[in-house]
Amino acid sequence: MMTNSAEPRDTISHAAGQPHAGIGLALVRLSIGAMFVWVFFENLGKGLYKPSAYAGLIQNYIENGQAPAAWKSIMALAANHASMAAPLQGATEISLGVLLVLGLFTRPVALVAFAFLTSLWVSEWGTSWIWELLVPVLGSLALAVGGAGRTWGVDSFLARRRPTSLWW
């Protein structure tokens, strides 16, 4: 009995480098990064990084949302300090977006994106479709776990010098 040990390239497991998985994660990274950049400019155009508009949006989440009471207290704190929180949120969104698109420090950036998007997801409970942010939340977690900056990202160059670093 003769067996063919050569399998088609598409069915071979790439255990060492898993290039197909890397490409998939890179596409998720680019998508979530582009989403952050888009949202930044959309919110900037709406004036949502101005303290009064930011506080109004947060107050709407508090009044109409179904977030836990403890989380609503945190949102109220942000609304009361909107002069600091609004530009901080804008800086966070554009920074996360640019760093993810570049694939620079992808693991820690994706972890911050995961936490940030989770906080937005909880804030919006009852005011929007539950899956709207849940998919990017979980995608960001996958980026943090998978080292998605090593494919099509600046992290690939950094990984050549220190391949075991958790920064990329």
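## Helix H5 and its packing

The buried residues of H5 pack against H1, H2, H3, H4, H6 and helix H7 (155-161). Buried here means under 20% relative accessible area, exposed over 50%, and partly exposed in between (1.4 Å probe, protein chains only); contact means heavy atoms within 4.5 Å. The model is predicted, so that local features need pLDDT of at least 70 and side-chain atom pairs count only at pLDDT 80 or more, while totals for chains, interfaces and linings use all residues. Residues are numbered from 1 along each chain as its sequence is written, and side-chain values use heavy atoms, with hydrogens and water left out.

H5 has 18 residues and spans 25 Å from its first C-alpha to its last, close to the 26 Å expected at 1.5 Å a residue; the expected span is 1.5 Å times one less than the number of residues. Its buried residues are Thr106, Arg107, Val109, Ala110, Ala113, Phe116, Leu117, Leu120, Trp121, Val122 and Ser123.

## Overall fold

The protein chain has seven helices and zero strands, running α-α-α-α-α-α-α from the N terminus on. Helices (H or I, at least four residues) and strands (E, at least two) are DSSP runs, numbered from the N terminus. Of the 168 residues of the chain, 38% count as buried. Among contacts between residues at least 6 apart in sequence, 71% join residues at least 24 apart.

## Nonpolar core

A nonpolar core is a set of buried Ala, Val, Leu, Ile, Met, Phe, Trp, Tyr and Cys residues joined through side-chain atoms within 4.5 Å. In the largest one, which has 30 residues, Phe36, Ile58, Leu100 and Leu143 touch the most other members. Two or more residues of this core come from each of H1, H2, H3, H4, H5 and H6, and the largest share, eight residues, is from H5.

Not counting residues up to four places away in sequence, Leu100 touches Arg29, Ile32, Gly33, Phe36, Thr106, Val109, Ala110, Ala113 and Leu143. Leu143 is also a contact of Leu25, a residue of helix H1. The C-alpha atoms of Leu25 and Ser140 are 9.8 Å apart in space, with the two residues 115 apart in sequence.

## Largest pocket

The largest pocket holds about 760 Å³ of space. On a 1 Å grid over the protein atoms alone, a pocket is an open set of points where a 1.4 Å probe fits, with protein on both sides within 12 Å along at least five of seven lines; lining residues have an atom within 4 Å of a point. Grid points are joined across faces, edges and corners, and the volume is the space filled by probe spheres set on the points.

Of its 32 lining residues, Gln89, Glu93, Phe116, Leu120 and Glu124 are the closest to the centre. H1 gives the largest share of the lining, six residues. By class the lining has 21 nonpolar, six polar and five charged residues; Ala, Val, Leu, Ile, Met, Phe, Trp, Tyr, Cys and Pro count as nonpolar, Asp, Glu, Lys and Arg as charged, and the others, Gly among them, as polar.

Ser123 is in helix H5 and is buried, with a relative accessible area of 7%. Leaving aside neighbours within four places in sequence, Ser123 is in contact with Tyr61, Trp71 and Met75.

Trp125 lies in the loop between H5 and H6 and is partly exposed, at a relative accessible area of 28%. Trp125 and Tyr61 are 64 residues apart along the chain, and their C-alpha atoms are separated by 8.3 Å.
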